[in-house]
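Trainee: Please take a close look at the aromatic pairs in this structure and at the core and sheet around them. Where do the rings sit, and what do they touch?

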Amino acid sequence: MTNTILSFLLMLAAAPMAMAQQPAPATTQQPIVLRPGNMQVQAKSPANRPDRAPVYPGGEQALGLFFLQNINYPEAARAKQVSGTVLVTATVNADGTVSNPVVAQSLSPECDAEALRVVPLLTGWQPAMRRGRPLSVLIQLPVPFGGAGEMRVEQNRRQPLNQQKR
């Protein structure tokens, strides 16, 4: 009887150690995307995570208008009918300027060079804030080329049901 109780106690004591040696199941964690409406203050958040994301004056519409007015569509890209977006990562500094642009997703060498020329011209950003202080953060900007930023709306040519001939 004592052997049975002793072996039972040994099994109970060894069970947590056996469980601790098994590898944890692998989970793929999606990156966190910081957006102005998707941020909240955390009591113990990392030192480099802003409480408020940087904002371009006038929002996305003003940013699109800036690109429309300042991008010179390269002739080589026009001849090849290249269209799409160049994804550029850059730093919005604490003073609202943009620095260190790098092409994260290329479209063509000509379009990449033009995107790298235009992105540092974006000034006047409201910088990211962390506990009331401006903070430099890395952002991603899609720079449109060749009508990639245009929205097309198709119109329905059918008449409403109440106006159709019967």
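Mentor: The count comes to three aromatic pairs, where rings of Phe, Tyr and Trp (its six-membered ring) pair if their centres lie within 6.5 Å, with planes under 30 degrees apart counted as stacked, over 60 as edge-to-face and the rest as tilted. The pair of Phe66 and Phe67 is edge-to-face, because their ring centres are 5.9 Å apart and their planes stand at 65 degrees. This is a predicted model, in which local features need pLDDT of at least 70 and side-chain atom pairs count only at pLDDT 80 or more, while totals for chains, interfaces and linings use all residues. Residues are numbered from 1 along each chain as its sequence is written, and side-chain values use heavy atoms, with hydrogens and water left out.

Ring pairs join Tyr56, Phe66, Phe67 and Trp125 into a cluster. Both Phe66 and Phe67 are buried, meaning under 20% relative accessible area, with exposed being over 50% and partly exposed in between (1.4 Å probe, protein chains only).

Next, the core. A nonpolar core is a set of buried Ala, Val, Leu, Ile, Met, Phe, Trp, Tyr and Cys residues joined through side-chain atoms within 4.5 Å. The largest one has 25 residues, of which Phe67, Leu122, Trp125 and Val143 touch the most other members. Two or more residues come from each of α2 (59–70), β1 (84–92), α4 (109–118) and β5 (137–145); here helices (H or I, at least four residues) and strands (E, at least two) are DSSP runs, numbered from the N terminus. The strand β5 gives the most, with five residues. In soluble globular proteins, nonpolar side chains tend to be buried together.

Leaving aside neighbours within four places in sequence, Phe67 is in contact (heavy atoms within 4.5 Å) with Val118, Leu122, Pro142, Val143 and Pro144. Ile71 sits in the loop between α2 and α3 (75–79). This residue has a relative accessible area of 15%, so Ile71 is buried. Not counting residues up to four places away in sequence, Ile71 touches Glu114, Val118, Val143, Pro144 and Phe145. Ile71 and Ala115 are 44 residues apart in sequence, yet their C-alpha atoms are 7.6 Å apart in space.

Glu114 belongs to helix α4. At 10% relative accessibility, Glu114 counts as buried. With neighbours within four places in sequence set aside, Glu114 contacts Asn70, Ile71, Asn72, Pro74 and Phe145. The helix α4 lies across β1, β2 and β5, and runs at about 35 degrees to β1. Axes are lines fitted to C-alpha atoms, for helices over the stretch in contact, and angles run from 0 to 180 degrees between N-to-C directions.

That leaves the sheet. Three strands form an open sheet in the order β2-β1-β5, with antiparallel pairing; two strands pair if DSSP finds at least two bridges between them. Its edge strands are β2 (98–105) and β5, each of which pairs on one side only. From one strand to the next, the twist averages 30 degrees. Antiparallel β1 and β2 are joined by five bridges, and Thr91 stands opposite Ser99 in β2.

Thr89 lies in β1 and counts as buried at 15% relative accessibility. Apart from neighbours within four places in sequence, Thr89 contacts Asn100, Pro101, Val102, Ala104, Leu138, Ile139 and Gln140.
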